[in-house]
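User: I'm new to this one and would like a quick tour. Could you walk me through it in plain words?

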Amino acid sequence: MTAEPLPPPQSVETCVIGSGFGGLSIAASLEASGAEYLVVDKGRTPGGRAATRRFADSRFDHGLPFLTDKGPLTRELISRGEAAGMLRQMERFDGENDAWYSPAGISALGKHLAMDLNVRNAAKVTSIEPESGSLRLTVEQGEMTTSLRVVQNLILTAPIPQALELLAALTPDWPEIEEPPYREAIVAMVRVDPARLPEGPAVQTAPTGGGTVIRDYMKFDDVKPGISFRFSPEQSRDLFEASEGEIVATALDLIEPLTGFIPAGMVQLMKWRYANGAGTVSQPYFETVADGVNVRVCGDAFLAGEADGTEASLLSCRSALESLA
Ligand SMILES: Cc1cc2nc3c(=O)[nH]c(=O)nc-3n(C[C@H](O)[C@H](O)[C@H](O)COP(=O)(O)OP(=O)(O)OC[C@H]3O[C@@H](n4cnc5c(N)ncnc54)[C@H](O)[C@@H]3O)c2cc1C
């Protein structure tokens with residue numbers, strides 16, 4: 001894993017766009033089979049939506065907060081993370097399910113998984129164009145713009161709207177998606193006074209879809225305490241275009257009945273337009289051939305009704321890769 005500029009000559013058999021858990025699972029299989037591949041991701045570190053942020057001396061998992069047992073592929077990921085000391089079990093975190101969290105922040109798991117793989121971060125693909133029997137990707141790496149020639153397979157694990165936008169010039173004929181494939185999520189990260197830590201369970205959800213408080217300080221013991229407030233999917237959708245001030249004020253009002261206190265100041269927001277697959281795309285992946293290159297689009301918005309979240313992403317990515325074998 002590195003964020004260094006792509007070295008010339010920039011040509012590869014298989015390119016994977018995205019180093020979230022889905023893209024990294026594909027990379028691990030390609031590495032094991034000895035294939036020539038490269039993963040590029042616009043994010044500064046691997047992990048994608050399994051992301052951790054430091055703010056006001058606190059640490060927050062502001063995307064995927066922890067892994068739960070969603071199926072065999074997620075279980076495999078959890079076992080790997082546990083064996084490497086990256087994940088720890090939190091029992092009955094919501095009264096029903098066990099959860100696995102990373103004491104170093106969930107992004108540490110992404111970094112660990114990417115360690116021995118050919119992954120370039122801080123590398124944003126801005127266009128994909130045909131070039132005599134191959135595809136040429138324009139890749140922005142900070143101030144530098146490079147290009148990467150893909151000769152056999154291109155696998156996009158970016159959220160569907162972003163992936164299809166990149167592919168628009170090549171293949172306009174994708175299946176019709178009637179409903180939005182993702183739900184929005186807004187997360188408010190809140191620094192908490194250590195002298196007034198709100199008591200309660202690690203995860204506390206309001207009974208009427210009024211959002212969820214996660215006591216991040218129960219996971220991390222080496223930083224100042226913080227909690228994250230997750231708006232419900234409906235609240236996130238309704239507030240998505242609201243001003244930052246309105247969202248913060250709403251979050252503080254909603255936190256009070258859950259924790260018994262209104263945290264003062266020090267709030268930062270994270271808005272995810274494409275947070276979770278909405279369960280509207282039932283096929284396992286999209287496929288096409290463009291200028292002789294096999295193209296696949298996969299991720300957690302696929303396999304609706306069969307799996308969701310991390311499991312859907314891992315399953316969709318595995319199916320997409322197997323279809324190329
Ligand atoms: C707030 C929140 C809560 C969640 N809660 C849960 C949960 O409780 N349980 C659960 O199972 N799942 C949950 N999820 C979903 C879960 O995080 C994802 O399903 C999982 O991380 C799989 O991600 P992925 O690899 O398919 O996609 P991602 O992690 O999104 O990876 C795609 C990658 O593509 C990269 N990319 C996009 N465009 C470009 C480009 N042009 N050039 C280069 N790179 C690009 C992005 O930077 C990103 O890293 C949650 C997500 C969020 C945001």
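Analyst: Helices (H or I, at least four residues) and strands (E, at least two) are DSSP runs, numbered from the N terminus. Mind that this is a predicted model, where local features need pLDDT of at least 70, side-chain atom pairs count only at pLDDT 80 or more, and totals for chains, interfaces and linings use all residues. Residues are numbered from 1 along each chain as its sequence is written.

User: Which strands stand at the edges of the open sheet?

Analyst: The five strands run β13-β14-β15-β12-β16, with antiparallel pairing; two strands pair if DSSP finds at least two bridges between them. Two of these strands have a single partner each, so one side of each is left without a neighbour in the sheet. They are β13 (203-205) and β16 (267-277).

User: Which residue of β16 is the bridge partner of Y182?

Analyst: β12 (residues 182-191) pairs with β16 in the antiparallel sense, over eight bridges. For Y182, the partner in β16 is G277.
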